[in-house]
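Trainee: Please pick one part of this model and look at it closely. I would also like to know what packs around that part and how the rest of the chain relates to it.

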Amino acid sequence: MAYTGPFTAGDRVQLTDAKRRHFSITLTPGESFFTHKGEIRHDDIIGADEGTVVESSVGGEYLCFRHLLVDQVLSMPRGAAVIYPKDAAQILVEGDIFPGATVLEAGAGSGAMSSWLLRAVGEHGKVISYEVRQDHLDYAVSNVHNIMGGEPKNWDVRLGDVKEATRETVGEVDRVLLDMLEPWEVLETVRDVLVPGGVFMTYVATVPQLMKVMEGIRELGCFTEPRAWESLVREWKVEGLATRPEHRMNAHTAFLIWARRLADGVTAPRPQRRARR
Ligand SMILES: C[S@@+](CC[C@H](N)C(=O)[O-])C[C@H]1O[C@@H](n2cnc3c(N)ncnc32)[C@H](O)[C@@H]1O
């Protein structure tokens, strides 16, 4: 599936009208899309550059772009709440998700984070996603296939409890990401499959969850002192003298927790001060 270049047949395109309403179409030669402003011929878009304006049969104007991944994850059908893009960005950077990495993820949920991870590890990496609920797995598979334009070769998606993951069933992994209700239940699994130096991140919505994971990581003794934070992103309206922060924001989504796997048999020096990287 093309991410860039002139539009080709099969591309999913977002049309935006003058009232900023969005419509999605998949370009098919010979087909038309009908709006209250008349007919838009797919053939008028195929071959055009992204960012072009197409005119409908009665003069309506529509701006044409491919969907960005951020648009897709926010608009796709969901079984479970998705990791919000601002947090996905933190996970990709702080989790050091690199091309070629093997990442273990649970749960797959709606497949939003799986999509970000699949892109980041690239064709030489691998994402192993566990999901315990069949209905959520179905959403994840359908969404990821839609986004990636088919079944990604670098995705190993499994129905089951991530607790079942072992060195024998998943091998050694470079990174682990948990987005599930009770991540403290599977810390031994993370310990067993994560390579020394590997990064473990988990995403939890509430303070009791945050405390339980932090305590669990400390108790196991095979990780660095964990760090915890949240990210707040506030948009701004920039219009002359009215320039100011937007009134509304998604203030709380979840907390992020981060730790690195120590080498086997090593005890981390006791922290004297606040945890640092
Ligand atoms: C909030 S959703 C994950 C959303 C996903 N990260 C996304 O961005 O689309 C949490 C998911 O974890 C799954 N889950 C909970 N416990 C699990 C476990 N032990 N193993 C695998 N999946 C689990 C739930 O069924 C649920 O679908």
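Mentor: Helices (H or I, at least four residues) and strands (E, at least two) are DSSP runs, numbered from the N terminus. On that basis, the protein has seven helices and 15 strands. The model is predicted: local features need pLDDT of at least 70, side-chain atom pairs count only at pLDDT 80 or more, and totals for chains, interfaces and linings use all residues. Residue numbers start from 1 along each chain as its sequence is written.

The C-alpha trace spans about 70 × 50 × 30 Å along its principal axes. Of the 277 residues, 34% are buried (20 or more other C-beta atoms within 10 Å of its own; exposed means 12 or fewer, partly exposed in between; C-beta atoms are placed from the backbone). Contacts here mean C-beta atoms, placed from the backbone, within 7 Å. Among contacts with a separation of 6 or more, 63% join residues 24 or more positions apart.

Now the part itself: helix 4. This helix covers residues 134-148, 15 residues in total. Its expected span is 1.5 Å times one less than its number of residues. That gives 21 Å, and the end C-alpha atoms are 21 Å apart, so the two values agree. The buried residues of helix 4 are Leu137, Tyr139, Ala140, Asn143, Val144 and Ile147. Viewed down the axis, these residues fall within an arc of 160° and therefore line one face of the helix; the arc is that of the directions from the helix axis to the C-beta atoms. The face turned away from this buried side carries exposed Gln134 and Asp135. After the helix comes Gly149, with a positive phi near 70°.

What covers that buried side? The cover over the buried residues of helix 4 includes helix 1 (69-75), helix 3, strand 8 and strand 9 (155-159).

A cis peptide bond joins Ala106 to Gly107, with omega about -15°. Gly107 sits in the loop between strand 7 (102-106) and helix 3.

A nonpolar core is a set of buried Ala, Val, Leu, Ile, Met, Phe, Trp, Tyr and Cys residues joined through C-beta atoms within 7 Å. The largest one has 55 residues, and Val103 and Leu117 touch the most other members. Helix 3 gives the most to this core, with seven residues. Leu117 touches Ile97, Val103, Glu105 and Val127, leaving out residues up to four places away in sequence. A second, separate core has eight residues, including Val13, Leu15, Phe33 and Cys64.

Two backbone details in loops complete the tour. Asp96 is not a glycine, yet its phi is positive, about 55°. Asp96 lies in the loop between helix 2 (85-94) and strand 7. It has 16 C-beta neighbours inside 10 Å, so Asp96 counts as partly exposed. Arg20, also not a glycine, has a positive phi near 65°. Its loop runs between strand 1 (12-16) and strand 2 (22-26). Arg20 has 7 other C-beta atoms within 10 Å and is therefore exposed.

Technical notes. Contact = placed C-beta atoms within 7 Å.
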